[in-house]
Amino acid sequence: KISFFQKIFIFSIFIILTTVFLNYIFNIFFLDNFYIHRRSKQILKISSEVKRKVAANDTDLADFFENIKDKEGINIDIMKPPSHNTHGGNTAMMENKDMERRHKEDSRKIKTFYDNISIIEMKRTGLRLLFYEEQLSDQSTLLISSSLTAMKNYKREISLFNILTTIAALL
């Protein structure tokens, strides 16, 4: 016969295991989509702000780009169309390393979301980026990217946390 305290103990273990299992299942199926959705909305908001600043001929764009990069981990660049000067040079400046890799290295589009937002994977490195590209009115191109590497690391940490939580709860 099982005593009242043993029933409570078994019931507690069942609740803990069920909670951890549900948390693990939600992470597997919904965490990627949630992170990408939230990041995409953030990129769209930033693109609207950049377009507003470009239209107003704002002079602090470089500071704005740097602040967003430091604060949010989102890289922004505006590629100017090539201008043909007497030396035949191209004045398009690409300061952002993610953007530079995107245009230098072969990449493949994995999935497209919303307006001009897609996930791309660099063929050589396997790096995945959430990438936004839009043609502006002055024929320059607005490029915004955010690495999805943090998401991969976060999923690993959550899995480890779930395992540790389960072990701690059972002890």
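A buried strand and its partners

Guide: Lys80 has a relative accessibility of 43% and therefore counts as partly exposed, a class that lies between buried (under 20% relative accessible area) and exposed (over 50%), with a 1.4 Å probe and protein chains only. This is a predicted model, in which local features need pLDDT of at least 70 and side-chain atom pairs pLDDT 80 or more, while totals for chains, interfaces and linings use all residues. Residues are numbered from 1 along each chain as its sequence is written, and side-chain values use heavy atoms, leaving out hydrogens and water.

Lys80 belongs to the loop that runs between β1 (74–79) and α3 (97–104); helices (H or I, at least four residues) and strands (E, at least two) are DSSP runs, numbered from the N terminus. Although Lys80 and Leu136 are separated by 56 residues in sequence, their C-alpha atoms are 9.8 Å apart in space. Across the whole chain there are four helices and five strands, and their order from the N terminus is α-α-β-α-β-β-β-β-α.

For comparison with the chain as a whole, 32% of its 171 residues count as buried.

From here one can follow the pairing, for which DSSP must find at least two bridges between two strands. β3 is joined by five bridges to strand β4 (residues 128–135), and the two run antiparallel. Within this pair, Ile117 stands opposite Tyr132 of β4, and Ile120 stands opposite Leu129 of β4. The hairpin made by β3 and β4 has five residues between the strands, and there Gly126 adopts a positive phi near 80°.

Strand β4 also pairs with β5 (residues 141–147), again in the antiparallel sense, over seven bridges, and here Glu133 has Leu143 of β5 opposite it. These two strands likewise form a hairpin with five residues between them, where Gln139 in the turn has a positive phi of about 70°.

Helix α1 reaches this region through Arg39, a residue of that helix. Leaving aside residues up to four places away in sequence, Arg39 touches Glu72, Gly73, Ile74, Leu130 and Ser146, where contact means heavy atoms within 4.5 Å. Another residue of α1, which spans residues 4–55, is Phe21, and because its relative accessibility is 53%, Phe21 counts as exposed. Seen over the chain as a whole, 48% of the contacts between residues at least 6 apart in sequence join residues at least 24 apart.
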